[in-house]
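The sequence and the model are shown first, and the description follows.

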Amino acid sequence: MGLQGRPWQRAVPSLRVESPEERGAGWTVQRGLARYIWAPRTLAGKAGWTHITCPLGDAIRWILQGRVHPHTGPGGTTWWTAAVYVELAAARAGLEAEADAAARARASGRARRSAAAHAAATERRLQEALQQAQERQAEQERLAAFLEHAGMDAGVWPAFAQLVRTVSGKTVEYGGQSPAHGNGLLVYSRPRPGRAFRLAGVVCPDPHALTRWPAELTILVPGQTWLARIQAAARTPLKVAVLNPATKHCTFLRIRPQPPIPPTPPRSGHSR
């Protein structure tokens, strides 16, 4: 017990007192006695230790009667308090621990669910990428003979096919090579969902097959080289779409039939 604070007072139970201001008045305890305040008694309620002031005689009587005991708080400071306050502080600490454990469990559960969802999404993306790669490979193998016929690199074909879809503005499907259409690749389109696909064009048909070409069947070619071949062989009016996959430039032409080349007359010779 003392009138001023001392370093050792943090480690041992003690009382800091104040002398009376008037003759005959009692001494007063200013520090050394504490109680635990928690109201309302929920996690949202404010809680903590607070020092109390009381007459020195009351403090000594409580100590001698065993009504207060030394208690060391979270910061390491020791003070006198009643057992009920220690129990109240322990109850609050237990409630906080339970809430923290529940929060960690929820966070851990969310983290596990998030990780599982991320792993599942990654797996789906990998499977979709693998499926797309397999489909591209199968499509390239299916079109190998046509690409050789058209003189088109396999790496250029996806850009050309995308350009056809963009220009047509319709759902497009590619059939196989058609001997009846000069070994060109058949292109089918559907104006809107629910309608049937219909033959809309042929990619790179052999110019020699153009003698009886349907007037409304569009010929699709990737550049000027094929256009020149078509123009030279046209014997009926033709619709041609030049779709350059490198420049993304599209040109639509109506090709008029070319006059047949007259046969060269035989040369007259002189016999000896």
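Which residue is the bridge partner of A241 in strand 13? The partner is F252. The model in which this pairing is found is a predicted one.

Strand 12 covers residues 238-244 and runs antiparallel to strand 13, the two being joined by 7 bridges. Both strands form part of an open sheet of 6 strands, in which the order is 8-9-10-11-12-13 and the pairing is mixed. The edges of this sheet are strand 8 (171-178) and strand 13 (249-255), each of which pairs on one side only. On average, and with direction ignored, neighbouring strands of the sheet are turned by 30 degrees against each other.

Helix 5, formed by residues 224-233, lies across strand 11 (218-221), strand 12 and strand 13. Relative to strand 12, helix 5 runs at about 170 degrees.

## The hairpin of strands 3 and 4

Strand 3 (residues 34-39) and strand 4 (residues 46-51) run antiparallel and are joined by 6 bridges. Together strand 3 and strand 4 form a hairpin, with 6 residues between them. Within this pairing, R35 stands opposite T50 of strand 4. The loop between the two strands contains P40, and the peptide bond leading from A39 to P40 is cis, with omega near -10 degrees.

In a regular strand, side chains alternate between the two faces of the sheet.

Helix 2 spans residues 83-142 and includes R92. Is R92 buried or exposed? R92 is buried, because its relative accessible area of 9% is under the 20% limit.

Which residues does R92 contact, leaving aside its neighbours within four places in sequence? The contacts are Y36, W38, T42, L43, G45 and A47.

## The largest pocket

The largest pocket has a volume of about 450 Å³. Its lining comprises 22 residues, and those nearest the centre are S168, A200, T218, L220 and F252.

At least two lining residues come from each of helix 4 (157-168), strand 9 (184-190), strand 10 (198-203), strand 11, strand 12 and strand 13. By residue class, the lining divides into 13 nonpolar, 4 polar and 5 charged residues.

## The second largest pocket

For the second largest pocket the volume is about 250 Å³. Its lining is made up of E135, R136, E139, Q140, A154, W157, P158, A161, R165 and Y174. Helix 2 and helix 4 each supply at least two of the lining residues. The lining divides into 5 nonpolar, 1 polar and 4 charged residues.

Where does A159 lie? A159 lies in helix 4, the helix that supplies lining residues to the largest pocket and to the second largest pocket. A159 is partly exposed, with a relative accessible area of 26%. Although A159 and P245 are 86 residues apart in sequence, their C-alpha atoms are 5.4 Å apart in space.

Technical notes
Residues numbered from 1 in each chain as written. Predicted model: local features only at pLDDT ≥ 70, side-chain atom pairs only at ≥ 80, totals over all residues. Heavy atoms only, no water. Pairing = 2+ DSSP bridges. Helix = DSSP H or I, 4+ residues; strand = E, 2+ residues; numbered from the N terminus. Axes fitted to C-alpha atoms, helices over the stretch in contact; angles between N-to-C directions. Contact = heavy atoms within 4.5 Å. Buried < 20%, exposed > 50% of the residue type's maximum accessible area, 1.4 Å probe, protein only. 1 Å grid on protein atoms, 1.4 Å probe; cavity = no way out; pocket = protein on both sides within 12 Å on 5 of 7 lines; lining within 4 Å. Points joined across faces, edges and corners; volume = space filled by probe spheres on them. Nonpolar A, V, L, I, M, F, W, Y, C, P; charged D, E, K, R; others polar.
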